[in-house]
Amino acid sequence: RRSRLPFGLPGAPPRRAVLAVLVGLTVLIAGTWAVYGSSWFRATGVTVDGNRELTPAAVEKAAAVPLGGPLASVDTGAVRKRLLAALPRIEDVRVERSWPHTIRVKVTERTPSAVLKSGGEFIEVDRTGVRFATVDRAPRGVPLVQLTPDQSASFRHCGTKRLLRAAIAVAGDLPDSLHGRVTAIRVRSYDSITVE
């Protein structure tokens, strides 16, 4: 009498199913090794796109992307956080893997809506009131906020910071037809803001 193999027993998986599982495991192991263990998908470089004022070298330095390891292991969220913390000029940034070897950094820089004079330098301020850069020369077409407060009740109530925020809000809300034409925003009180 012939003995039956285990595969022939009722309830045992057919040979094709076992073979398919083995092939699937082999592909999974090989794929994991290729992505994490081989040199085929190593992070070897960083590309920077969208920058205007920032240099690619400054962005790369702040990103501090760990090169040489598996591209899949690069924590793109951590790279993004480092960039936003280190470079206030960046309003937003997208960090992506570009297979097989590159981390791609897409930068959106803040646009100055106004500048404040500080000694011999100028502080750039965006439309939301964020002071993001100090420069030697005021950018062309960006109004200078000049605070010359009177001693009215409005000034005593609002204070300098609130007056500056109001002036920057005015600068940020200027219509497109006036962009580049306004040279100064003079602030005497909360209800006396003059656009020149």
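This briefing walks through the cores, strand pairing and a few local details of the structure above. The model is predicted, so to speak plainly: local features need pLDDT of at least 70, side-chain atom pairs count only at pLDDT 80 or more, and totals for chains, interfaces and linings use all residues. Residues are numbered from 1 along each chain as its sequence is written, and side-chain values use heavy atoms, with hydrogens and water left out. Helices (H or I, at least four residues) and strands (E, at least two) are DSSP runs, numbered from the N terminus.

**Nonpolar cores**

- A nonpolar core here is a set of buried Ala, Val, Leu, Ile, Met, Phe, Trp, Tyr and Cys residues joined through side-chain atoms within 4.5 Å, where buried means under 20% relative accessible area, exposed over 50% and partly exposed in between (1.4 Å probe, protein chains only).
- The largest such core has 19 residues, and Val59, Leu83, Ile103 and Val105 have the most contacts inside it.
- At least two residues of this core come from each of strand E1 (45-49), helix H2 (56-63), helix H3 (76-86), strand E2 (90-98) and strand E3 (102-109).
- Another core, of 14 residues, lies apart from it and includes Leu116, Leu164, Ile185 and Val187.
- Beyond its neighbours within four places in sequence, Val59 is in contact (heavy atoms within 4.5 Å) with Val48, Leu54, Leu83, Leu87, Val105 and Val107.

**Strand pairing**

- Two strands pair if DSSP finds at least two bridges between them.
- Strand E7 (residues 144-147) pairs with strand E4 (residues 114-118) in the parallel sense over 2 bridges, and Val115 has Leu144 as its bridge partner in E7.
- E7 also pairs with strand E8 (residues 184-189), again in the parallel sense, over 4 bridges; here the partner of Val145 is Ile185.

**Around Gly45**

- Gly45 is found in strand E1.
- Setting aside neighbours within four places in sequence, Gly45 is in contact with Leu67, His101, Thr102 and Ile103.
- Gly45 and Glu60 are 15 residues apart in sequence, and their C-alpha atoms are 9.5 Å apart in space.

**Backbone details in two loops**

- Trp99 and Pro100 are joined by a cis peptide bond, with omega about 10 degrees; Pro100 sits in the loop between E2 and E3.
- Ala64, in the loop between H2 and H3, has a phi near 50 degrees, a positive value in a residue other than glycine.
- With a relative accessible area of 43%, Ala64 is partly exposed.
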